[in-house]
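This report walks through a single model, site by site. The structure comes first, then the details.

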Amino acid sequence: MSATDSIAVSARRGAPEETTADTRVVGLFEGDTLGGAAAALVASGEAKPALKKLALTHEDGRRLLIVGLGKREELDAERTRVAAAAAAARIKELGCSSLSWAAPDGEGIAGAIVEGTLLALYEFTQFKSDADEAGGSAVRELEIVADRDLDNEVAAARAAAVAQNGARDLQNLPANVATPDFLAARAKEIAAEHAAVEVEILGPDEIRALGMGAFAAVAQGSYVEPRLIVLRYEGGGSGGHLGFVGKAVTFDTGGISIKPSAKMQEMKFDMSGGAAVIESIGAIAGLGIEAKITAVVPSTENMPSGRSVKPGDIVTAMNGTTIEVNNTDAEGRLILADALCYAVDQGCERIVDLATLTGAIIVALGSTYAGLFSNDDEWYATVENACTSTGELGWRLPLHPEYFELTKGQYADLTNASDARKAMSSYAAEFLRQFVGETPWVHMDIAGTAWGLGRNYVGSGASGFGVRTLMELARTAG
Ligand code: BES
Ligand code: MN
Ligand code: ZN
């Protein structure tokens, strides 16, 4: 999978200078004095303490990269990820093969260095014929040096970054490769690697047999078969049964309500929620986090064809709710309706779903926050905290009876899209809410954050957004 999973990461106590790495990284805080070769660079003003500023020198036959870390009291995990990513970009350019990073004090700082570095070194080059054009980082080893025991923190951060990069691989793969069955195969691979993970894959007949008429309707237009991907992790814990649900439309043309062609290629990313859910389970199991989780990933293409669902068609979801499909491009809520019913049926006691659901969330929140919606304040607070601690930020937006009214159908119980172009992200959330019953649930609309996030450590492409938040949820709620 991603190139970064072959990078060895370790923690070491002792003097930062006593390393075998070819490149050492040290942070520079405002008001700090550094010794050795760095002192001259600080004195001359070439090395600056402002966040992300870089200066390069040599000492003891190795490179010494000085990274500005800003004010000591302002350094947190997120700023550290940003600084580590800036260093990693230079390190890639220089062709370094082993790094030794002297970690400043602070909770989660060492892990953030690992995450920022591995996320920034990620690249997707498997379809580039020319190795030079593909670029490619030469980094094979990353050592974190500090006077405290960091083995667990560093291992967990590595697992998180590798899983996030794995999700980015799944996102980046084109839709002719990353089909529903391909995602199912990845889920099977994860289950094969971990004794505590079981996988179940359902095909079109089983989807229909379960009464998932909404999911089946979206899938019927494509020649590529849908899959309902279910991963069950039995890792113990006392937090009850968690449900992770992820939208995985491997290509969203809009169906008969077809999308304009500009940027339609980006709709290969419409499986980002599912990718995050699948890869998070691998990392959670790998770390043995104590939790019981059922992951449900409905995966299909959304295509126009002679057998596609048509505007006005009425379908019946797993819980018996009838839905008028008035816009075939509002397909995410249809497949999630059945996936949420399934998660409730499986006994999930608290559910979070991740979905690239609405263009409107990009208008509202840009790429800064995912839109969060919830029917339960306590579960909401837990999810928001997980988002904050990982830097995968979420902002709560409202549900409301007036939005609920908008979801009512003319001929059926619900319509999947109303003519009123009002509060479209809240509308979608109100639609989904009707399939979770009373189960505490948080919906994360990640249409603005799944790619083009623009954080220094994930850049402009696929972001793997949500993987680390789901891992944190397993830890704090599982
Ligand atoms: N996958 C899209 C949402 C999307 C759009 C994600 C742009 C990322 C970038 C979703 O299936 C969709 O098409 N939503 C429609 C719903 C509308 C037809 C009610 C939208 O938001 O425009
Ligand atoms: Mn759509
Ligand atoms: Zn979609």
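## A helix core residue

Leu 340 is buried, at 0% relative accessibility. Buried means under 20% relative accessible area, exposed means over 50%, and partly exposed lies in between (1.4 Å probe, protein chains only). This is a predicted model, in which local features need pLDDT of at least 70 and side-chain atom pairs count only at pLDDT 80 or more, while totals for chains, interfaces and linings use all residues. Residues are numbered from 1 along each chain as its sequence is written, chains are lettered from A and ligands numbered from 1 in the order in which they are written, and side-chain values use heavy atoms, with hydrogens and water left out.

Leu 340 sits in helix α10. Helices (H or I, at least four residues) and strands (E, at least two) are DSSP runs, numbered from the N terminus. Not counting residues up to four places away in sequence, Leu 340 touches Val 245, Ile 351, Asp 353, Leu 432, Phe 435, Val 436 and Trp 441. Contact means heavy atoms within 4.5 Å. Between the C-alpha atoms of Leu 340 and Asn 302 there are 19 Å, and along the chain 38 residues.

One of the contacts of Leu 340 is Leu 432, which is among the buried residues of α14. That helix is mostly covered, with eight of its 10 residues buried. The buried set is Ser 425, Ser 426, Tyr 427, Ala 428, Ala 429, Glu 430, Phe 431 and Leu 432.

## The zinc site

Which residues coordinate the zinc ion (ligand 3)? They are Lys 247 (NZ), Asp 252 (OD), Asp 270 (OD) and Glu 331 (OE), at 2.0 to 2.4 Å. Donors are N, O and S atoms within 2.8 Å of the metal (3.2 Å for Na, K and Ca); water is not among the atoms, so sites may look incomplete.

The site of the zinc ion (ligand 3) is octahedral, with angles of 77 to 174° among its six donor atoms. Four donors count as tetrahedral if all angles lie between 85 and 135 degrees; four count as square planar and six as octahedral if opposite donors are over 155 degrees apart and all others between 65 and 115; anything else is irregular. Along the chain, the zinc donors follow the spacing K-x4-D-x17-D-x60-E. Asp 252 lies in strand β10 (residues 248-252) and Asp 270 in the loop between β10 and α9 (272-287), so the pair ties together parts that are 18 residues apart in sequence. Asp 252 is buried at 3% relative accessibility. Asp 270 is buried too, at 2%.

## The manganese site

Asp 252 bridges the two metals, the zinc ion (ligand 3) and the manganese ion (ligand 2), which lie 3.2 Å apart. Glu 331 is buried, with a relative accessible area of 1%. Asp 329 is partly exposed, at 22%.

The largest pocket has a volume of about 960 Å³. Its lining has 37 residues, and the closest to its centre are Lys 259, Asp 329, Leu 357, Thr 358 and Gly 359. The elements giving two or more residues to that lining are α10 (332-345), α11 (360-365) and α14 (424-433). On a 1 Å grid over the protein atoms alone, a cavity is a set of points where a 1.4 Å probe fits but cannot get out, and a pocket is an open set with protein on both sides within 12 Å along at least five of seven lines; lining residues have an atom within 4 Å of a point. Grid points are joined across faces, edges and corners, and a volume is the space filled by probe spheres set on the points.

The second largest pocket holds about 530 Å³ of space. Of its 21 lining residues, the closest to its centre are Arg 81, Gly 108, Glu 115, Ser 389 and Glu 472. At least two lining residues come from each of α2 (77-94), α3 (109-121), α5 (151-172), α12 (377-390) and α15 (467-477).

## A buried loop residue

Val 139 lies in the loop between α4 (131-134) and β6 (141-145). Val 139 is buried, with a relative accessible area of 1%. Leaving aside neighbours within four places in sequence, Val 139 is in contact with Ile 7, Ile 91, Cys 96, Ser 97, Leu 99 and Leu 121.
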